[in-house]
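Open the model in your viewer and keep the selection panel at hand.

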Amino acid sequence: MEKLLVCSCAVNDPYTISSAYLLENELDTVKAGIKKYAGMLGASEIIYFLPEGSKDFGLENVAYGQASPVMDNPYAIVQQLKGNLPRPMIQDDYVAEYEGKEVAVITPEVAYNLAASQKTAFITVTKGGSSEIKAVPFGTKLNEVEDAAGAKAVLLGGLRGKFILPASLADYAAGDDILSSSITVFGPEACMVVVTADLMTKTWMNSCNKCVLCRDGTFQVKTIMDDMPVGKSKAGDIDLLKDIAPLIKIGAYCPYGQNWPNTLLSALELFAGEFDAHTKKKSCPAGVCFQAGATYIILPDKCTGCGDCVDACDYTAIEGKKKFIHMIDQDMCEHCGECVSSCEEEAIVKWEGGKLPKLPKKLTKVGKF
Amino acid sequence: MAEVKLTIDGRQIVADESKTVLEAALENGIYIPHLCYHEDLHPNGGCRLCVVKQEGVDGVITSCSTKVQEGMVINTKDDLAEKVRKLSCDFMFKTHPSECTGCPKYGRCLLASISQYVGDTGRALRELKLRVTADETNPLMLHEMYRCILCGRCVRACGELRGVGALKFAKVDGRMRVVIDGDSLADADCRFCGACVEVCPTGSIRDKVGVFRDDIPREQALIPCSAECPAHISIPEYIRAIYDGEYSTSVGIIREKVPFPHALGLVCNNRCENNCKHKHLNSSLSIRNLKRFAAEHDEDKIWLDNYLKVAPRTGKKVAVIGGGACGLTAGYYLNKKGHDVTVFESKKIPGGHMTSGMPEYRIPTQAVLDEVKVIEDSGVKIVCNSPITNAAELKKDYDAVLVAIGTSVGKKLGYLNKDNLPQVFSALELLQAQRLNQEIDLGDTVCIIGGGNVAFDAAGTLLRMKKTVNVVCLEKDASQASPEERDTALEEGANLFDSHSNEAIVGENGHVTGLQVHKINSFYFHPETRALVEDAIPDSTYIIPCDSIVFAAGQVTGLTEDFGIELNKFGYPIDPKTGKSEYTTSVEGVFAAGDVITGTRFLIDAIAGGREVAELMDKYLGGDGVIDEQLVERKADPYIGTIDQFAEIARHEMDVRPAEERREDFAPVSTGFTCEQGNCEASRCLQCDLRLQIAGPKFWNDYVKAEDEEVNA
């Protein structure tokens, strides 16, 4: 069967920008590596697969689709080329086919190192919200790439990596593995529960959803984590996460599902104190969560009971009926402020602090409070 | 293919090297839970239920996508593997409705069965139910995707197995869903084959209630056309052959059940079309006309050699009384089973109603005789001009006798013809006279009494004999007749006197001069006395002038006690053991079938009766009673692909000759489908039979049973 070589530039996760960097800055070497690999395989055609919205870097034979951690799997690429969602296929003797050709995959990172004289890791280092690429020879200790002095935590390898303490950076070296693909630094001000919850949301969004353990596992973990910074955790949530994450790691279908539980498990282990404080004491050692937010209230003397605010509220947090003073259920309120602009009487206000005025506790007719 | 030896759960197993671990285990009665795996689909690996432990390998392996290897040691009940399985089950049930009893798939749900087997851990996971509403817009299939556990079987069945791809995965608000690839199934080029329903392990994609009958076995109900056909012709198969341009194959498939494909293609009352699944999309397939099309384009007759093959002679002699469709069908099969068959026909040509009871322009004599010829060629002896007066007497010379004389005497309502005027005929007498070239004194103007199909057959015939035709009936708009037959005759110039009740046939000098009638508002037949009760319009009596009368008022057997078998009071043979009209009669070895026991029915009923009685008679004569045969090879490619605007293709009707042209001769009203029409009409078939190729659901206890049987063996 004829062979088709796809250079997949869509495998990078949200913590990694090396593919785009290489296409921008090292295209000749990448192309040389691809050509070399195509020669080894006997591939008759080369396609560049780029993430949607990416520029084309002057390349020919380009296809676009969504970036996904499974886009190094030939079957997942074929699915996207056919207009379907990416889903990997891992099976003995399986050959992914597209238009009668057997599909092989290479990434720009691998292609570069096939052609370059010096094996180089292109590490995405993210610190204080900005990312840059640091190109270092294979074998370079990661603390030489970024020492993360004074930081609270470092995430190696993004979604598929793990958290470490800055002091451990010296234990890792640059190479072609996932862990040294990115270094993300979190400063002392970071709440690791929020960081982990945010990471789990990204993990869920990046799951291809093919296998139950990753699809529902990421969703469960994301949902459980989302409850933590807002004080909605249930007793046993931490144990539940520690119970299911190792099983997902063992049982998931593809390397993505087998690796992302590491980030969660490492966070739970390294920052157990912060997690416990959130779940048991509803307190945030970093002072990020549980801050008293603004309270929205309906002033009982101004409300005419028109009901406009009820329609405006997406969270069904406003209770009331015609000609009755409306009330905001503070447990339901998501503080979006939509109700304020919907009220022509200017009866709804954002109460920044101080003692709240007296408010009705049950439905009361307009004028009777 | 080489074989490898492996160990599963301590059992030595030999398996072909192409098999997966899961396949090898299941084939040997070792059940490994699995949900997304389906034996007709490419392995998916998504459900994580089939994970097992392989000795020497870290973690667990996916048994549905791992090939067997020499020396492999597998433990399906490994603790870790079971933990993973349970977690997978836990996860699925957090997205799936937790109440099973309200689900229509309750008791047949694979998910429920598996969770029962795997067991629940009771983990306090979050409830993540998918809140999507049921999609009931498609008339055939119901989507209740809130039950979907995303195994992807439907997507794979539609894509890989059928080449259609009407279903796909999509992320909606961050959550994966199975969605239609378009605004609707029709828009997504769905072929409505039902494969998605067949493979869905839960109640997410189902057939709508009412599409298939639930009072017959599933494998019959799933092919509604064949289920409705009294002879159970494999309709989807012969339509597919037409679509493939293999008309002779198509006729061969039809002939596996009926010896008169062409005759049926011309006059069958096509009950097969009543429940055609396509009627829910726009209209049913034009099945009868396709049958005619195939029969008229069968040049190669590739079925003929097999058709003429007969079993070694048994030495048994069978007499069939009546050379109509029923008698000839039974005769063909009995001869095939090795018995010597002689058919006694009272008229000068065989064919029964096909050649003397229906109009020539609906069913040409030559078409029938050509099909009778094949039966004769197979060895059946047909003796014409040989009325049999006593079946019991005849039995003395034969091992078995079949009475298949039909209902060959037309009823005439004597009370209307008090003067016994000679120009009063039954429709059968008229049709027979026309077709067999017999004299009949009709004059110029004829009144037909009756408003059923036979009345309009008579009308069409008389019009072609250049008579003025008045059809007089009680029913408003002659609603007893099929609209098609009524309108054809009216177009050709018949006059309809509907809502008319008859008083008397009037005449002068021994000659009919008219029919005295009055008008009615409504009527009914008294439920007990069956007498006519009418709401007559006062003072509306008048006389329709005419020269003769034709009764189309039903037919009877015309049998009397002289025939030698017991009859009921209406002249139908009965089996005294049951008191009913059955295939058996009061004389052992004398059988009866067709209209003579059922009353006047349709051609296909007579043929089906002929088949059934042949099975019975063969058994009576010492045979096995099996008359099913395969005459031709056929293809059934499950990869049907898409057809542009498939759901929109309208039913084709045959081109009909203009009324003024067709009333000039006895040639068929329509020339039949053109090749383009026939091919296009055949393309509309939903190929319901393909669904039966797909392996049905198997539950864990089915595998356990298989193991038990093996142990017992």
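**Chain A**

Of the 369 residues in chain A, 44% are buried (20 or more other C-beta atoms within 10 Å of a residue's own; 12 or fewer is exposed, anything in between partly exposed, with C-beta atoms placed from the backbone). This is a predicted model, in which local features need pLDDT of at least 70 and side-chain atom pairs pLDDT 80 or more, while totals for chains, interfaces and linings use all residues. Residues are numbered from 1 along each chain as its sequence is written, and chains are lettered from A, ligands numbered from 1, in the order in which they are written.

Colour chain A by secondary structure: there are 12 helices and 16 strands (DSSP runs numbered from the N terminus, H or I of at least four residues for helices and E of at least two for strands). Its C-alpha atoms fill a box of roughly 85 × 45 × 35 Å along the principal axes.

Next, select the domains of chain A, whose bounds come from an automatic or database assignment: domain 1 (3–115), domain 2 (120–186), domain 3 (200–280) and domain 4 (295–365). Between the C-alpha centres of domain 1 and domain 4 of chain A the distance is 54 Å.

**Chain B**

Here the assignment gives domain 1 (3–96), domain 2 (218–303 + 650–683), domain 3 (306–408 + 557–620) and domain 4 (409–556). The C-alpha centres of domain 2 and domain 3 of chain B are 26 Å apart. Their contact (C-beta atoms, placed from the backbone, within 7 Å) takes 20 residues from domain 2 and 24 residues from domain 3. On the domain 2 side, select helix 10 (residues 261–267), which gives the most, with 5 residues.

**Where the chains meet**

Show both chains: 32 residues of chain B and 27 residues of chain A make up the contact. Helix 2 (79–95) and strand 7 (167–172) of chain B each supply at least two residues to the chain B side, and helix 2 gives the most, with 9 residues.

**The cores**

Finally, look for the largest nonpolar core, which has 294 residues (buried Ala, Val, Leu, Ile, Met, Phe, Trp, Tyr and Cys joined through C-beta atoms within 7 Å). B:Leu402 and B:Ile448 have the most contacts inside this core. Helix 21 (residues 603–620) of chain B gives the most to the core, with 8 residues. Centre on B:Ile448: leaving out residues up to four places away in sequence, its contacts include B:Ala455, B:Val469 and B:Val550. A second, separate core has 14 residues, among them A:Cys303 and A:Met327.

Definitions and conventions. Contact = placed C-beta atoms within 7 Å.
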